[in-house]
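Here are some friendly notes to read alongside the model. Please keep the sequence and the 3D view open as you go through the points.

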Amino acid sequence: MQRIESHACFGGTQEVWSHPSGTLGCDMRLGIYLPPQARLDPCPVLYWLSGLTCNEQNFITKSGAQRYAAEHGLVLVAPDTSPRGAGVADAEGYDIGQGAGFYLDATQAPWSAHYRMHDYIVDELPALVETHFPATAARAISGHSMGGHGALVLALRNPGRYRSASAFSPIVAPSRVPWGEKAFTAYLGADRDGWRGWDAVELIARAAERLPLLVDQGGDDEFLATQLRPELLRDACAAAGHPLQLRLRPGYDHSYYFIASFIGEHVAWHAAALAASHAS
């Protein structure tokens, strides 16, 4: 692993690292915030998954989450959103290809050669973080938009892997909205039955654990009615008895201004869940 950035921040350090990924077959970057508490003892980790067009920089430069991570003693890990590089498949447009990995494991060529973001986030990345940094195996996960989809799906697909899961403006039912339909057709093929394992609304009904979910959604989000459709997650959780806090925030849009306004509440929520699991 190679460190390419390091900045003092709220008593800790915000770093960016590059590493070769065996899972993805390319070099990857990740942002990691190490709180001041990590100088003394390993700390639990909150993984953040960003949305379409983003990389590791968006969250670490725009969210202001480091302040709250320092307060609660959490490591923050913000990986890139897809494999990258000249040999990695790409496409025109912002909603498929590099910058748009959708946190799944592709089965269709040419994407299947590199696009295995689920396995990277769930397995390879935590192994690296817990080996190379003062981080415990206590994990929480959150994300925004496409990354909100990723956070929910990864938590639902991997019971016991995360102690808490939250999302901002998630794509909750990608099988039913244009962003997801385009990406899933390319990455997974035309058989919609194969999409169900990557759709949070579909996974809720058969979830093996009832991990509480926290979701914030801007009421003035330009993608609310067409791409996000949080009411589908609300209805699925109600039908399955799955615990969900869904908070509609009037006046807020899809931007990082929205995330920065409420990220402190999410960090505190994850910190409480991580502390409770440690105590038990």
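**Notes on one glutamine and some charged pairs**

1. Let us begin with the neighbours of Gln66: it touches Cys9, Phe10, Gln14, Tyr33, Ile60 and Leu76, leaving aside residues up to four places away in sequence. Contact here means heavy atoms within 4.5 Å.

2. A word on the source before going further. This is a predicted model, where local features need pLDDT of at least 70 and side-chain atom pairs count only at pLDDT 80 or more, while totals for chains, interfaces and linings use all residues. Residues are numbered from 1 along each chain as its sequence is written, and side-chain values use heavy atoms, with hydrogens and water left out.

3. Where does Gln66 sit? You will find Gln66 in helix H2, which covers residues 65-72. Helices (H or I, at least four residues) and strands (E, at least two) are DSSP runs numbered from the N terminus.

4. Is Gln66 buried or exposed? Gln66 is buried, its relative accessible area being 6%. The cut-offs are under 20% relative accessible area for buried and over 50% for exposed, with partly exposed in between (1.4 Å probe, protein chains only). A polar atom of the Gln66 side chain also lies 2.8 Å from the backbone oxygen of Ile60.

5. Now for the charged residues. Side chains of opposite charge can pair when their charged atoms come close. A salt bridge is counted when a side-chain nitrogen of Lys or Arg is within 4 Å of a carboxyl oxygen of Asp or Glu. The whole structure holds 14 salt bridges.

6. One of these joins Glu130 and Arg139, whose closest N and O atoms are 2.8 Å apart. Glu130 is partly exposed at 25% relative accessible area, whereas Arg139 counts as buried at 10%.

7. Another salt bridge links the side chains of Glu231 and Arg229, at 3.4 Å from N to O. Glu231 is partly exposed, with a relative accessible area of 28%, and Arg229 is partly exposed too, at 26%.

8. Which residue forms a salt bridge with Arg249? The partner is Glu265, and the closest N and O atoms are 3.2 Å apart. Arg249 belongs to strand E9 (residues 244-249) and Glu265 to helix H9 (residues 256-279), so this pair ties together parts that are 16 residues apart in sequence. Arg249 is buried at 17% relative accessible area, while Glu265 is partly exposed at 38%. Salt bridges with shared partners join Asp216, Arg247, Arg249 and Glu265 into one network.

Definitions and conventions: A polar contact is a pair of N or O atoms within 3.5 Å; within protein, one must be able to donate a hydrogen and the other to accept it, and residues adjacent in sequence count only if both atoms are side-chain atoms.
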